[in-house]
Amino acid sequence: DSEGWQVHTHAIGDRAVRVALNGYEAALRANGRSGNRHTITHLELVHPDDYARFGRLDVLASMQLQWAVRTVFTLDALRPYIGEARFDRLYPARSLSAAGARLAGGSDWPVDPLSPFNQIATAVDRTTTNSADPTPLDPEESLSRGHSLRMHTRASAFQMHSPNTGTIAKGMGADLIILDRDITRGPVSEIREAAVN
């Protein structure tokens, strides 16, 4: 931080997230605000006491919400080990945002497929077509369609210090694609089928 590096930390569990936030807080106390856009990515579990710290510390919350679904990974490989209280607050996107965190969308490619339209849709409906259980995972943590789109465009551009991209406005770079459908309307599930023309 003192050398101007933007730090990107991976943290899955609530203890790891807290340790990362503690580190960023220590850097802020030592060096002051420098304009670095430090980030914690994944954020599968965040303790509620830490939600508001993201905004206070100007730490970006980079989430891969295509994972916020009921699959063998969350239901069988995770739920029995973390307990119901933690399971009921997986991927707390809406809670983080409401507490002042800036959310940015990321794919975790090449670990996960590069499927931005699935990410955008899943942030809204928290379901997947690849599971026998179609029930949304913690639907109270869903984002609005507009918030999901901003998270995956404007906020990601902000994270990468790309001030001339991420929005459509006079003077901005024309970093555009044309889709085969209007993903701001219609069923959320159809966002997943969007293709670039």
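The accessible surface of the protein chain amounts to about 10600 Å², with 54% of it belonging to carbon and sulfur atoms (Shrake-Rupley method, 1.4 Å probe). The model is predicted, so to speak, with conditions: local features need pLDDT of at least 70 and side-chain atom pairs count only at pLDDT 80 or more, while totals for chains, interfaces and linings use all residues. Residues are numbered from 1 along each chain as its sequence is written, and side-chain values use heavy atoms, with hydrogens and water left out.

Turning to the overall fold, the protein chain holds 8 helices and 4 strands (DSSP runs, H or I of at least four residues for helices and E of at least two for strands). Their order from the N terminus is β-α-β-α-β-α-α-α-β-α-α-α.

His38 sits in the loop between helix H1 (14–31) and strand S2 (39–42), and is buried because its relative accessible area is 7%. Its side chain makes a polar contact of 2.6 Å with that of Asp1 (N or O atoms within 3.5 Å, where within protein one must be able to donate a hydrogen and the other to accept it, and residues adjacent in sequence count only if both atoms are side-chain atoms).

Notes
Buried means under 20% relative accessible area, exposed over 50%, partly exposed in between (1.4 Å probe, protein chains only).
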